[in-house]
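Please examine the fold presented below before reading on. The paragraphs that follow lead from the overall layout to individual helices, ring pairs and a loop.

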Amino acid sequence: MNCNKSYYDILEINENASQDEIKKAYRRLSYQYHPDKNPDKEEQFKELGQAYEILKDETTRNQYDFDLQIKYGNPNMNNSLDNLMGSFFESMLNSKPKNKKKQATKAMDDFINILGGNISGIGINPMQFSDM
């Protein structure tokens, strides 16, 4: 695969494309690049298949989007993390004891949301934080 092109570029769609738009783009381009029709376009056809396999599933698409943010550095993500950590520590230091539990739970929920809401792959059970 061309390392400079994202799966969105390969499918000629934007990052906010719906599942229906992804499927339509894949069908259109796979017909255009099919090896039976264009033998010299076999590599593009394989790239389309790879891109579609990742983007057609919401879970793998979310992981791919997260990996892109890490790889290319999303300034919004860094700011969110900085804001989250700053507000977490500030709230813990400045809150009354009865509010610390509630604020810690909210901060953990915010952190989980920044990670895309899927933390089961790193061995953390979100339910354990509701018991804090």
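A residue is called buried when its relative accessible area is under 20%, exposed when it is over 50%, and partly exposed in between, with a 1.4 Å probe and protein chains only. The model is predicted, so local features need pLDDT of at least 70 and side-chain atom pairs count only at pLDDT 80 or more, while totals for chains, interfaces and linings use all residues. Residues are numbered from 1 along each chain as its sequence is written, and side-chain values use heavy atoms, with hydrogens and water left out.

The secondary structure of the chain consists of 7 helices and 0 strands. Helices (H or I, at least four residues) and strands (E, at least two) are DSSP runs, numbered from the N terminus. Read from the N terminus, the order of elements is α-α-α-α-α-α-α. The chain has 132 residues, of which 23% count as buried. A contact means heavy atoms within 4.5 Å. Among contacts in the chain with a separation of 6 or more, 50% involve residues 24 or more positions apart.

Ile22, Ala25, Leu29, Ser30 and Tyr33 are the buried residues of H2. Because these buried residues fall within an arc of 125° when seen down the axis, they line one face of H2. The arc is that of the directions from the helix axis to the C-beta atoms. On the other side of H2, Lys24, Arg27 and Tyr31 are exposed. The cover over the buried residues of H2 includes H1, H3 and H4.

Helix H3 may be read in a similar way. In H3 the buried residues include Glu47, Leu48, Ala51, Tyr52 and Leu55. They cover an arc of only 130° around the axis, so they lie on the same side of H3. H1, H2 and H4 are included in what covers the buried residues of H3.

What do these buried faces contribute to? In soluble globular proteins, nonpolar side chains tend to be buried together. A nonpolar core is a set of buried Ala, Val, Leu, Ile, Met, Phe, Trp, Tyr and Cys residues joined through side-chain atoms within 4.5 Å. The largest such core here has 16 residues, and Leu11, Ile13, Ile22 and Leu55 have the most contacts inside it. At least two residues of this core come from each of H1, H2, H3 and H4. Leu55 touches Tyr7, Tyr8, Leu11, Ile13, Gln19, Ile22, Arg61 and Tyr64, leaving aside residues up to four places away in sequence.

Rings of Phe, Tyr and Trp (its six-membered ring) pair if their centres lie within 6.5 Å; planes under 30 degrees apart count as stacked, over 60 as edge-to-face and the rest as tilted. The structure holds 3 aromatic pairs. One of them, between Tyr7 and Tyr64, is stacked, at 4.7 Å centre to centre with 25° between the planes. This pair links distant parts of the chain, with Tyr7 in helix H1 (residues 7–10) and Tyr64 in helix H4 (residues 58–72), 57 residues apart. Tyr7 counts as buried at 14% relative accessibility, and Tyr64 is buried with a relative accessible area of 14%. The pair of Tyr26 and Tyr52 is stacked because its ring centres are 4.2 Å apart and its planes are at 10°. Since Tyr26 lies in helix H2 (residues 19–33) and Tyr52 in helix H3 (residues 42–55), that pair ties together parts 26 residues apart in sequence. Ring pairs also link Tyr7, Tyr8 and Tyr64 into a cluster.

The loop between H1 and H2 contains Glu12. Most residues other than glycine have a negative phi. In Glu12, however, phi is near 55°, a positive value in a residue other than glycine. Glu12 counts as partly exposed, at 48% relative accessibility. Asn16 also lies in the loop between H1 and H2, and at 72% relative accessibility Asn16 counts as exposed. Asn16 touches Glu21 and Arg61, not counting residues up to four places away in sequence.
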